[in-house]
Amino acid sequence: MTTHYLTTPLTDAVINTLVVGDEVNLSGVIYMARDAAHKRFVELIQQGQPLPIDLTGQVVFYGGPCPTKPGHVFGVVAPTSAYRMDPYATVLFDHGLKGAIGKGNRGPAMRESCKKNTAICFSAIGGISATLLSCIRSAELVAYEDLKTEAVQRLVVENFPLLVTNDAAGRDLYEEQVAIYKKKLAV
Amino acid sequence: MRELPVQDIVDTVAKLCIDACHKLPPDLIAGFHQAVAQEISPLGKSVLLKLIDNDRIAREQNVPVCHDTGLTIVYVSLGQEVHVVGGAFQEAIQAGVRKGYAEGYMRKSVVGDPLLRVNTNDNTPAVVHTEIVPGDRLHITVLPKGGGSENWSTMKFLLPGEGAEGVKKFVLDAINTAGGAACPPLTVGVGIGGSFDKVTEIAKKAILRDIGIHHQAPHIAALERELLEDINRTGIGPQGYGGVSTALWVAVETYACHITALPVAVNIQCHAGRRASAEI
């Protein structure tokens with residue numbers, strides 16, 4: 001398992017160096033979008049309309065923050081459950097998105113999509129929202145203000161701590177690790 | 001009869017919402033430490049250490065531990081000698097939630113209509129359970145329940161003959177289905193018996209019990225031990241990254257039930273097992 005220090009946007013060459021279980025400290029711009037924004041993105045794609053942001057080579061973070069406390073750059077936030085975005089994420093990966101940050105295992109369609117599009121699924125630890133705030137340098141609302149906590153934000157992050165959980169070879173960290181420990185713990 | 005101004009209820013509920021969301025209870029932190037000592041997976045251990053650290057950071061900065069500050073569940077035990085004055089009791093609970101979530105910089109995670117899905121912007125309405133008890137005190141517990149774990153909760157009517165083994169299988173299936181998505185290490189609340197509504201109510205109440213405290217009935221305490229052992233053999237581990245710390249605790253509550261029925265409910269609590277109580 002390797003530790004990488006990467007900056008967005010991500011290229012295919014970089015993505016091909018990432019293997020499940022690798023640690024990634026991600027810096028640069030990431031776009032925060034979750035359930036409601038994903039639904040709108042996919043509706044626009046289906047209608048042949050442009051998205052409010054160019055997702056080519058970018059990484060999306062499935063987050064919904066708390067309100068920003070005075071003196072802070074943003075509200076506390078950690079990833080939400082990734083599986084809910086699966087039906088939308090495969091469409092976005094087909095349209096140039098290169099990475100997604102969520103928590104928890106994803107479905108088989110995502111494995112195939114990562115392989116097909118040379119894309120990557122990262123996980124950050126769910127619920128360590130107070131900790132992750134310290135990696136956010138700035139935030140700017142870029143679309144769908146009406147969605148409140150689910151609005152699309154352009155975040156600049158520094159060394160955002162991630163784990164590669166689905167790589168471009170089609171491997172799945174959750175499945176592999178749970179199988180290892182299930183076998184070890186069998187009576 | 002003791003008079004209790006509604007404003008005292010508003011202020012207490014608001015404070016409990018903030019306290020619950022900004023700091024984890026001591027029994028849960030002790031549970032994390034115990035899990036660190038037992039965890040054999042390096043990834044799992046590093047997750048547990050980060051959970052302990054995250055609680056410290058949240059306390060230092062007076063911010064929520066987790067951004068999903070939940071649908072607010074409020075349990076009220078109202079002493080029958082208490083006379084609430086100055087306003088409506090139920091509205092005071094909702095006003096307290098509104099105040100707490102605004103003042104504590106907590107996320108507003110509630111939509112007013114489940115199909116139209118427009119946010120109410122103040123985290124109300126809370127789900128309120130009220131019981132009338134002897135005495136002249138008012139006891140309030142606030143349980144902010146995040147969506148990521150609640151979504152994996154489930155219930156079923158088993159055949160009475162399926163017994164404890166059937167209960168165990170049902171609980172294990174629920175845990176395996178949730179996998180890493182429910183944010184383990186979990187606290188698992190299990191309700192057995194009662195009616196369709198009662199069984200889910202007691203499953204949720206079970207997650208309020210302190211980690212380390214077993215049910216008083218020996219056969220239920222034994223079931224709790226067996227369930228915890230089985231759950232921690234699934235291999236799921238912290239965050240689903242593999243390991244032995246899938247659950248920190250299993251609490252089972254029971255209730256009388258119909259001769260034809262064996263209802264079971266599983267309420268899953270993520271690692272951010274937030275709760276706070278006060279008596280006024």
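Two residues count as in contact if their C-beta atoms, placed from the backbone, lie within 7 Å. In that sense helix H8 (residues 218-231) of chain B lies across S7 and S8 of chain B, running at about 145° to S8(B). The model described here is predicted. Chain A holds six helices and seven strands, and chain B holds eight helices and ten strands.

**Overall form of the chains**

- From the N terminus on, the elements of chain A follow the order β-α-β-α-β-α-β-α-β-α-β-β-α.
- The radius of gyration of chain A is 16 Å, close to the 16 Å that the globule rule gives for 187 residues, so chain A is as compact as a globular protein of that length.
- The C-alpha trace of chain A spans about 50 × 40 × 30 Å along its principal axes.
- Taken along the principal axes, the C-alpha atoms of chain B fill a box of roughly 55 × 50 × 40 Å.

**Contact between the chains**

- Chain B brings 40 residues to the contact and chain A brings 33 residues.
- On the side of chain B that touches chain A, helix H3 (residues 42-61) of chain B gives the most, with nine residues.
- The residues on that side of chain B comprise 18 nonpolar, 17 polar and five charged.

**Domains of chain B**

- Chain B is divided into domain 1 (2-20 + 65-145) and domain 2 (148-272).
- The centres of domain 1 and domain 2 of chain B, taken over C-alpha atoms, are separated by 26 Å.
- Where these domains of chain B touch, seven residues of domain 1 are in contact with five residues of domain 2.
- S5(B) supplies three residues, the largest share of the side of domain 1 of chain B that touches domain 2 of chain B.
- That side of domain 1 of chain B divides into four nonpolar residues, one polar and two charged.

**Sheet S4-S2-S5-S10 of chain B**

- Four strands of chain B form an open sheet in the order S4-S2-S5-S10, with mixed pairing.
- Strand S4 (127-133) and strand S10 (276-279) of chain B stand at the edges with a single partner strand each, so one side of each is left without a neighbour in the sheet.
- Neighbouring strands of this sheet are turned by 10° against each other on average, direction ignored.
- Strand S2 (residues 71-79) and strand S5 (residues 138-145) of chain B run antiparallel and are joined by eight bridges; Val74(B) has Val142(B) in S5(B) as its bridge partner.
- Helix H1 (residues 6-22) of chain B lies across S2, S5 and S10 of chain B, at about 40° to S5(B).

**Sheet S6-S9-S7-S8 of chain B**

- Another open sheet of chain B has four strands in the order S6-S9-S7-S8, again with mixed pairing.
- Its edge strands are strand S6 (154-158) and strand S8 (247-255) of chain B, each of which pairs on one side only.
- On average, and with direction ignored, neighbouring strands of this sheet are turned by 15° against each other.
- Strand S7 (residues 186-193) of chain B runs parallel to S8(B), and eight bridges join them; Val190(B) stands opposite Val252(B) in S8(B).

**A helix pair in chain A**

- Helix H3 (residues 86-94) and helix H4 (residues 108-117) of chain A pack at an angle of about 5°, with their axes 10 Å apart.
- Because angles under 35 degrees count as roughly parallel, H3(A) is roughly parallel to H4(A).
- Asp86(A), Ala89(A), Thr90(A), Phe93(A) and Asp94(A) in H3(A) meet Ala109(A), Met110(A), Ser113(A) and Asn117(A) in H4(A).
- The residues of this contact of H3(A) with H4(A) are four nonpolar, three polar and two charged.

**Backbone details**

- Most residues other than glycine have a negative phi, and most peptide bonds are trans.
- The peptide bond from Thr124(B) to Pro125(B) is cis, with omega near 0°; Pro125(B) is in the loop between helix H4 (89-103) and S4 of chain B.
- Pro184(B) and Pro185(B) are also joined by a cis peptide bond, with omega about 15°, and Pro185(B) is in the loop between helix H6 (163-178) and S7 of chain B.
- Thr118(A), a residue other than glycine, has a positive phi, near 50°; Thr118(A) is found in the loop between H4 and strand S5 (120-123) of chain A.

How values were computed:
Residues numbered from 1 in each chain as written. Chains lettered and ligands numbered in written order. Predicted model: local features only at pLDDT ≥ 70, side-chain atom pairs only at ≥ 80, totals over all residues. Pairing = 2+ DSSP bridges. Helix = DSSP H or I, 4+ residues; strand = E, 2+ residues; numbered from the N terminus. Axes fitted to C-alpha atoms, helices over the stretch in contact; angles between N-to-C directions. Parallel < 35°, antiparallel > 145°, perpendicular 65-115°, else oblique. Nonpolar A, V, L, I, M, F, W, Y, C, P; charged D, E, K, R; others polar. Domains from an automatic or database assignment. Rg over C-alpha atoms; globule rule 2.2 N^0.38 Å.
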